[in-house]
Each structure stands twice: as C-alpha cells, then as structure tokens.
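Below is a short briefing on one protein structure. Please look over the sequence and the model before reading the points that follow.

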Amino acid sequence: EETSVARGPMSDLVPRDTHTGQPLRFAFNRGFARSDVLHIDIAADIVLTDLLRSMPAFFGITPALPDQTWHLGFVYTSGDYDDLIPSRSLWRLKAASQRLLFVPRIQEVIGEKDSQCKVYQEGLRQWAVTTSFSEEIGGMPECFELPQDRQKLHRLVAQESASQSETQHQREAYVYKPEGAWGGRGIEIRFGLKDLLAPEAGDDSRADTTSCAFNPLRDVQCLGLEKVEAPEASDSEAACQAACCREAGETVSVGNLAALPSTGVEGSIGHGVCNTWNWRPEDGCWTGTARICSSPNPTFLGGWRGGHRMHRREDEPRAVLQRYVLDPVIYQLEGIRPPLRVKTDIRIYGAVVSLDPLRIYVSRHGYFRTGYLERNYSATADADFLDRLVHLTHHIPKIENGSYQCPTAPSWGDPAAVESDAASGGSLRKWFHIARDQNGLDVKRTWMNIRLALGLFVLSARQQLACHVNPVPHACGSVGFQFFADLVVDTRGRAWMMEMHPTLAVKSHGLGDPEGGWVEVLTRETRQGALGTLAMF
C-alpha cells in the first residue's frame with residue numbers, strides 16, 4: 001500500500017491533457033509577485049511542500065516547471081491577499097484547459113465578514129428572497145458594521161427600550177467581533193445592543209463614566225488577570241477600577257478619581273492594557289485581560305466585584321455585530337453524570353468549481369466544534385454570556401485554557417470506540433448522529449438546508465464576481481475557488497452561515513492548527529474534505 005501511494009494512482013485514473021495526453025500539471029502562486037521581494041511566507045512554503053507531496057500521490061498531477069504550462073493554479077498566502085500582485089498576463093487563461101483557484105476581486109468582495117454580510121443582503125434584495133427562506137432554511141444572520149451602522153443600531157436600541165412588553169426570551173442577542181479578531185479573541189455576546197455600542201454624541205447619561213467605563217460584575221471571578229502591585233489599588237472597589245483605568249492610559253471617571261490615592265501621576269499612566277478588573281477585600285485588586293469569567297455565584301464567590309470594559313465612541317475600531325443563534329444543536333456528552341449539554345457548530349468544506357456556469361460542490365467530510373465541556377449551555381439571561389467559552393467554539397481558547405478534549409481516534413487501537421466518548425469536537429458524521437438522535441432533526445433535510453444556505457450566498461457573490469460583471473477581464477469558466485465555512489444549525493434544522501473563508505482549505509502539518517495534525521479525527525476529516533473538494537477541479 002505504501003508503494004502504491006508513493007507511485008500515485010493507476011495510470012488510467014490520472015487526469016490528462018486532452019491535447020497532449022500528458023498528466024495534468026499544477027503551479028503554486030504562479031503569475032503573482034509580492035510588493036516586498038524579500039518577504040518570506042513560511043506558511044505558504046509549508047502548504048506548497050504539502051501540495052508537492054500530495055498532488056502526485058493522490059491524483060498523479062505533477063508540478064509544472066517554470067517553462068511549462070500549468071492546468072491547475074493554486075493561490076495561497078498567510079497574510080493579506082492584497083500583497084499578491086498579479087502579472088498582466090495572469091488572466092489570459094484558457095477555460096478549456098486551465099483553472100485558477102482564485103477569482104479576481106474575491107477578497108475585496110467576500111474576504112471579510114462585514115463584506116460577506118453586505119453581499120448576502122444585496123443578494124436577498126436582488127433575488128427577492130421571501131422571509132420563508134429564513135423561516136424554513138436559514139441563511140446568514142443579519143449583520144451590522146461599526147462604526148458605519150452606528151446610528152441605525154442606536155435606533156434599534158431605542159426600539160428595544162420602548163418595547164416594555166417584550167420578554168427576555170423574545171429579545172435578540174448579538175455577537176460583537178472586532179476587525180482582525182481570530183480564534184475567539186475580542187468577541188463579546190449580549191442580549192440587546194446597548195452594552196455593545198459606544199454612546200451617541202451628546203448622550204450625557206454616561207458622561208461621568210464614558211472616560212473609563214465598565215459593565216459591572218457581581219459575585220463573579222475572572223481568571224487570567226494579574227495582581228496590582230500598588231497596595232493602594234486594593235483599598236476599595238473604586239480604587240481598583242481607577243487603577244485599571246490608569247493602567248490602560250485612560251482618564252479616570254469623576255466618581256473614581258478621588259478613590260485612588262495620589263501616586264504623583266496625573267490623569268493616566270498608560271503602561272498596559274486593562275479590559276477587566278476584579279476586587280475583593282481579602283484578595284485585593286486584579287486587572288488585565290480576562291481569559292474566562294465565572295457565572296455569578298454568591299455562595300462561593302460572594303464579595304467579588306469587577307467590571308468588563310464598555311465600548312467608547314472615540315477611536316471606535318471597526319467591528320461587526322451579528323445576530324446570535326440562541327438555540328444551536330446541543331451535544332449531550334457521553335458518559336457524564338449528571339448530564340452535560342454543550343453548544344455545537346460545524347465547519348464545511350467545499351469548492352466553487354466554476355462561476356460561469358455556476359458549479360458548487362460541498363463535501364460531506366468536515367467536523368464539528370463544541371463550547372466549554374464543563375458547563376451546560378444556556379442563553380436565557382445576560383449572566384449566561386459572562387463565561388464566553390460556553391458560547392465560543394473556537395479551538396484556541398479551549399486549548400489555552402487547558403480544557404480541550406481530543407476525540408478517540410482510529411489509531412488508538414479500538415475501531416469500535418472511535419469517537420465514542422465526550423470530546424471538544426469530532427467528525428461531521430458524528431455530528432449528524434447528534435443532530436438526529438439527541439435533537440430529533442431530519443438529517444437529509446438539515447443537509448439540504450446547509451447546501452441551500454451556502455448556495456444562496458455564493459449565488460449572491462457571483463453577482464459581483466462573474467466574468468461578465470467582473471472589472472478584471474478573464475475567460476469565463478477559467479476561475480473558481482475553494483472554501484471552508486462555519487455554520488450554526490438551530491434546533492429547527494435551519495442552517496446559519498456565520499462566515500465563509502474563500503481560500504485554499506488545505507491545513508498542512510506544521511501550521512499549528514488542531515486540524516493540521518494535532519487532533520487526529522479533525523485532521524482526517526479536514527484532509528478528506530480539503531483534498532476531496534480539490535478533486536472537483
């Protein structure tokens with residue numbers, strides 16, 4: 001078997017050029033240059049090495065020499081795709097024999113979450129999609145861009161405040177994601193919009209606190225903070241908050257200015273970052289960036305006081321607010337008593353083989369992720385969002401917290417026990433069992449909803465990327481792209497696409513990703529999903 005893999009597939013299975021009869025050839029970043037000629041992209045080099053090993057072994061496709069014509073063109077960079085400068089001749093492609101896995105302007109149109117939301121909403125309007133689609137299928141949750149949509153959002157805040165009869169279960173929750181955030185960093189979730197927005201200009205209701213303001217925490221302890229060395233900061237709750245303000249280089253609010261004894265520094269000291277503060281008389285003052293905060297617990301954590309930072313109007317960073325899916329597919333962990341039920345989302349791999357005509361392939365190989373494995377999922381009150389790890393399914397926070405649990409893998413020696421225990425993730429195959437057996441969903445209908453949600457998004461993006469509207473001239477049918485998308489499926493089986501990553505989906509060993517060799521089950525599913533969708537080209 002090893003010899004067979006090393007030699008590649010049988011000759012009659014190798015794709016060949018219809019004109020020469022020779023095996024197809026591939027190229028990597030051919031026709032692109034970088035503005036910085038001395039730049040070294042180590043991640044791109046790792047991906048190239050992977051392709052040099054995998055493409056001949058699995059498909060019999062060999063790398064094209066510099067003077068040879070290529071048939072399949074891969075494009076990848078670990079940084080901003082604007083750093084890749086295409087040559088003038090790049091787009092002179094032959095649709096009948098060449099396919100470039102990169103679409104002109106694709107990163108500009110759907111490279112970021114805020115632009116994806118715009119494209120999707122424009123598609124809904126253009127195609128006159130009725131509300132029945134979101135009610136029965138799903139789609140992409142509504143998004144707002146900050147600071148551009150601030151006024152619109154404040155109007156929504158006013159409507160929320162005016163609706164006194166609205167119960168908490170009818171309220172919408174929103175996810176705040178700052179620009180450039182990855183791995184769950186910087187994300188906040190709240191019911192309503194008020195605490196996620198900076199105050200409007202002229203709003204004096206928070207005049208005393210907007211200089212350095214926090215959402216209060218009571219009987220809550222946050223981990224990942226550092227003890228403040230100055231003993232006067234531990235004198236009182238107000239002194240601790242004032243110390244956090246000064247640490248961040250911000251003006252201390254009027255109410256707390258007198259609480260911190262004079263240190264000979266006026267206004268602010270600004271020597272670090274302080275997003276959270278925690279204080280209790282017997283434990284003193286702790287500040288910094290919290291890794292995780294507990295739920296309110298007066299019995300064991302009584303006396304702890306603190307605060308999470310509120311957003312300010314001045315210098316407000318770009319961010320996206322998106323409606324939060326409150327009722328995701330829930331996974332009840334195996335062998336845990338009392339029962340523990342956690343949130344899930346899924347990662348799907350696919351390929352837009354062609355935009356002209358539109359051809360999309362979605363792989364059944366992917367994986368699911370979970371929330372924190374040590375607390376039941378709940379989203380009924382504001383306090384439920386204090387522990388972000390219950391709601392964030394990203395791998396990195398769980399790994400950093402030491403709470404990531406690997407699923408049982410095939411190489412562990414017991415085929416009957418593969419993915420039979422509680423884990424922080426697993427194959428898409430297992431997730432469908434969870435959706436059916438634990439959530440009562442129709443698997444075929446759910447899979448159809450996933451494909452329809454992805455299809456409508458790609459169809460919307462096609463309105464700006466297709467060859468007949470794209471400002472960069474190129475041969476119709478000569479370009480496509482690979483993607484992986486993150487979706488949340490709710491308890492009604494509706495599929496909600498949170499975002500799509502329109503880039504090469506190969507996760508090579510050495511990149512540091514859990515699905516790139518660290519977690520076997522996720523690696524196998526990613527490998528099959530990524531290489532399987534490449535086969536569609």
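**Salt bridges and a helix**

Arg524 has a relative accessibility of 48%, so Arg524 counts as partly exposed. This is a predicted model. In the model, the side chain of Arg524 meets that of Glu520 in a salt bridge, at 3.0 Å from N to O. The count of salt bridges comes to 25.

**Salt bridges**

- Glu520 and Arg524 both belong to helix H13, which covers residues 520–534. The two are four residues apart, or about one turn of the helix.
- An α-helix has 3.6 residues a turn, so residues three or four places apart point the same way.
- Some salt bridges share partners, and in this way Asp345, Arg347, Arg369, Asp486 and Glu515 are joined into one network.
- Another salt bridge links Glu188 with Arg190, where the closest N and O atoms are 3.8 Å apart. Glu188 has 17% relative accessibility and therefore counts as buried. Arg190, at 10%, counts as buried too, since the cut-off for buried is under 20%.

- Lys118 forms a salt bridge with Glu145, and their closest N and O atoms are 3.1 Å apart.
- Lys118 sits in helix H4 (residues 113–126) and Glu145 in strand E8 (residues 143–146), so this pair ties together parts that are 27 residues apart in sequence.
- Are these two partners buried or exposed? Lys118 counts as partly exposed because its relative accessibility is 47%, whereas Glu145 is buried, with a relative accessible area of 6%.

**Helix H4**

- Helix H4 has 14 residues. From its first C-alpha to its last, H4 reaches 20 Å, which is close to the 20 Å expected at 1.5 Å a residue.
- Which residues of H4 are buried? They are Lys113, Asp114, Ser115, Gln116, Cys117, Val119, Tyr120 and Gly123.
- After H4 comes Ala128, which has a positive phi, near 50 degrees.

**Thr446 in helix H12**

- Thr446 is part of helix H12, which covers residues 443–465.
- The relative accessibility of Thr446 is 2%, so Thr446 counts as buried.
- What does Thr446 contact, leaving aside its neighbours within four places in sequence? Its contacts are Trp431, Leu441, Val489 and Gly493.

Technical notes: Residues numbered from 1 in each chain as written. Predicted model: local features only at pLDDT ≥ 70, side-chain atom pairs only at ≥ 80, totals over all residues. Heavy atoms only, no water. Buried < 20%, exposed > 50% of the residue type's maximum accessible area, 1.4 Å probe, protein only. Contact = heavy atoms within 4.5 Å. Salt bridge = Lys/Arg side-chain N within 4 Å of Asp/Glu carboxyl O. Expected span 1.5 Å × (residues − 1).
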